[in-house]
Structures are given as structure tokens and as C-alpha cells.
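Biologist: I would like to go through this structure with you, one question at a time. Please show it first.

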Amino acid sequence: MIEMEALTKVFGGITAVSEVSLRVEQGDIFGLVGPDGAGKTTLLRMVCGLINPTSGRVTLFGGRQKKDAGNFGYMPQRFSLCGDLTVMENINFFGSLYKLDRKTVRERADEILELTKLSQFKSRFAEDLSGGMKQKLALTCALVIRPGMLILDEPTFGVDPEFRKEFWKILYMLNRDGMTIFVSTPYMDEADLCKKVALLDRGKIVAVGTPDQLKKQIKNKIIEIKADVKDLDFLGELPEVDDASFYGDRYHVSVPVVEPAKISISRLLSEKGIAISFMEEITPSMEDVFVSLTEKEVV
Ligand SMILES: Nc1ncnc2c1ncn2[C@@H]1O[C@H](COP(=O)(O)OP(=O)(O)OP(=O)(O)O)[C@@H](O)[C@H]1O
């Protein structure tokens, strides 16, 4: 459905996207995952034809359909709605950009607003919606053209976890009904929700595969630790430990062999008078995969 060949974008002296080759297949939920500034927006904008690549090529739908034929929906990262128009007026405006007649827009809107649970807010001004509801309205607008493929740029950025769950539920429903989804996200936990993932770092693809395939690429084991102090960075200095990273209220320690590392960690923490409430080997998360492939900590 989307084929990217050595896609590159240079802005002045900055190479935002470098030699990216990827294929998004029909029926995929394909995640483009990477931290801020990795090049996600730039890549998606080239795919949508909003900016030209410096070099490389994008082919959509095997080159059989035109990019501008309304056969894919795009939900940009930035707020793309008119704040002083109501929910329904925004949808009508969007429909008119694609030359859809009012009746068609109204019928489709009713259906999609049901799905996005915005039906009761049709006459509310967009600027008065919550952050999550604004994102849902942007999604509704992108869906009004009934696209076969949806391209979304960080659709859940900065909204609460409850909303993120709800938004992903909608994406799953759309995908189940046959829609191909190409979505960017800085959230590593969302990578786990994708059928296929490309990890992007400083403009380059560092890994591509299903979440399970990517997790198997990690050679080290991961030990998760909860202790009564927050800063356990010093664990990285133990010879049995390759890396120690902070994850919210816990630490993930990357080790070649589990048991000697656990003994050594227990000894060191006990010497420092630090109590351990949890220390077990766990299945690596997508954060662990990203850290191990890029040697970077993520938020
Ligand atoms: N129009 C532009 N002119 C100059 N530099 C740009 C432009 N657009 C993006 N960049 C730079 O390209 C790099 C990639 O930016 P991009 O916005 O694509 O990343 P991103 O992964 O989407 O991150 P974010 O979530 O912060 O938007 C960054 O260093 C950014 O500053």
C-alpha cells in the first residue's frame, strides 16, 4: 500500500529523514515509533505528498491511484481544526474540501461520531472540547472521506492514558473493518499495540518487525527492580550489568546472565541499606528494545 524507497529529507544542514525504506501492507497497523525529533512528522508528510523528498521515492497503492484522490485520510500532529466552528461545522468544512455533498457528509458523520462517541457534542465549538475530544474530532474529519488507509501523526500525544486506550480501540475497530493504519507515536507502549513497528532514531530506521520479533532481537535479559530509592543508575557500574534505565517507578537492568547479576545487585543494594521490594527477570518491553538498539533512554 505504501512503499518508501531510500526516502531522505534534508532541511538546511539537518538530515531529518535518512534513506528510509519501508513497506506498509494492506491491513497493517504499522507503527512509526521514535522520540521527539526522530523524523516521524517529516516522513509522514513526505508519504502524504505534503513535502517533497530531497531524494528517494514514495509509491502509494502500487502507483495505481493518485495521492490526492481522497483514498487516504491524514490526521496531522498539530491541531488542524477551526476552533470557532462547531464539531459538525468542522466536519462539513472538511467534507467540502473533498467536494462531498452535505447529505453524504451528514450520513457519514452520524456513523463516525457514534464510533468516536462525539454524537452529543455536535454543536459544541471545537475550541471548547477537551484535548482528547479534539483529537477524536480530527480523526472524525479524516474519516469522513471513507479512506481505505489512515495516516496519523502522534494522535495521542499529550492526552491522558484513558483517552489513549479509547483512541486505540477505535483504531482497532477501523482496522478490523479493513482499514490500513500507518501511525506515528513517541510512546513505546503503543508500539506493542501495532502489528508491525519501525523504530526511528535521528532520521534512521534502527529496526523493523512485529513487536515479538523485535523483542527477540535483544540478546540480554532484563531484570526489573523496585526499590525504596529512585536513583539506581550506579547499578550500571557493576561488571554483571550492561545497562540500567529508569522506567517510571522502577528500574530495568540489562544483563547477559540473570542469576549472578541478581546476587551482585542484592549485595550492592544491601551494602547501601536500600530495600528491594521486587526483583525479577521480565519479558523485555518495547522500551527495552529501543534502549538496547539505540543506547538511549526514553520517556
Ligand atoms: N521545516 C523544517 N525546517 C528545518 N528543520 C526541520 C523542519 N521540520 C523538521 N525539522 C527538523 O527535522 C528533525 C525531525 O523533525 P520531525 O518533526 O520530523 O520529528 P518528529 O519525530 O516528528 O518529532 P516531534 O514529535 O518533535 O515533531 C528535527 O531536528 C527538526 O528540528
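Modeller: Keep in mind that this is a predicted model. We can start with a loop, the one between β6 (149-153) and α5 (161-176), where threonine 156 lies.

Biologist: Is threonine 156 buried or exposed?

Modeller: Buried means under 20% relative accessible area. Threonine 156 has 1% relative accessibility, so threonine 156 counts as buried.

Biologist: Which side chain does threonine 156 join in a polar contact?

Modeller: Away from its neighbours within four places in sequence, threonine 156 is in contact with several residues, including Gln135, Phe163, Tyr187 and Glu190. A polar contact of 2.7 Å joins the side chain of threonine 156 to that of glutamate 190.

Biologist: Aspartate 28 is in the loop between β2 (14-24) and β3 (29-33). How far apart in space are aspartate 28 and asparagine 175, C-alpha to C-alpha?

Modeller: Aspartate 28 counts as buried because its relative accessibility is 11%. Not counting residues up to four places away in sequence, aspartate 28 touches Asn175 and others, among them Arg23 and Lys195. In sequence, aspartate 28 and asparagine 175 are 147 residues apart, but in space the C-alpha to C-alpha distance is 7.7 Å.

Biologist: Which strands are the edge strands of the open sheet of four strands?

Modeller: The order in this sheet is β11-β12-β10-β13, with antiparallel pairing. An edge strand pairs on one side only, and that applies to β11 (243-247) and β13 (276-282).

Biologist: What is the bridge partner of phenylalanine 246 in β12?

Modeller: β11 and β12 (residues 250-255) run antiparallel and are joined by five bridges. The partner of phenylalanine 246 in β12 is tyrosine 251.

Biologist: At about what angle to β13 does helix α8 run?

Modeller: Helix α8 (residues 258-271) lies across β10 (221-227), β12 and β13. Its direction makes an angle with that of β13 of about 165 degrees.

Technical notes:
Residues are numbered from 1 along each chain as its sequence is written. This is a predicted model: local features need pLDDT of at least 70, side-chain atom pairs count only at pLDDT 80 or more; totals for chains, interfaces and linings use all residues. Side-chain values use heavy atoms; hydrogens and water are left out. Two strands pair if DSSP finds at least two bridges between them. Helices (H or I, at least four residues) and strands (E, at least two) are DSSP runs, numbered from the N terminus. Contact means heavy atoms within 4.5 Å. Axes are lines fitted to C-alpha atoms, for helices over the stretch in contact, and angles run from 0 to 180 degrees between N-to-C directions. Buried means under 20% relative accessible area, exposed over 50%, partly exposed in between (1.4 Å probe, protein chains only). A polar contact is a pair of N or O atoms within 3.5 Å; within protein, one must be able to donate a hydrogen and the other to accept it, and residues adjacent in sequence count only if both atoms are side-chain atoms.
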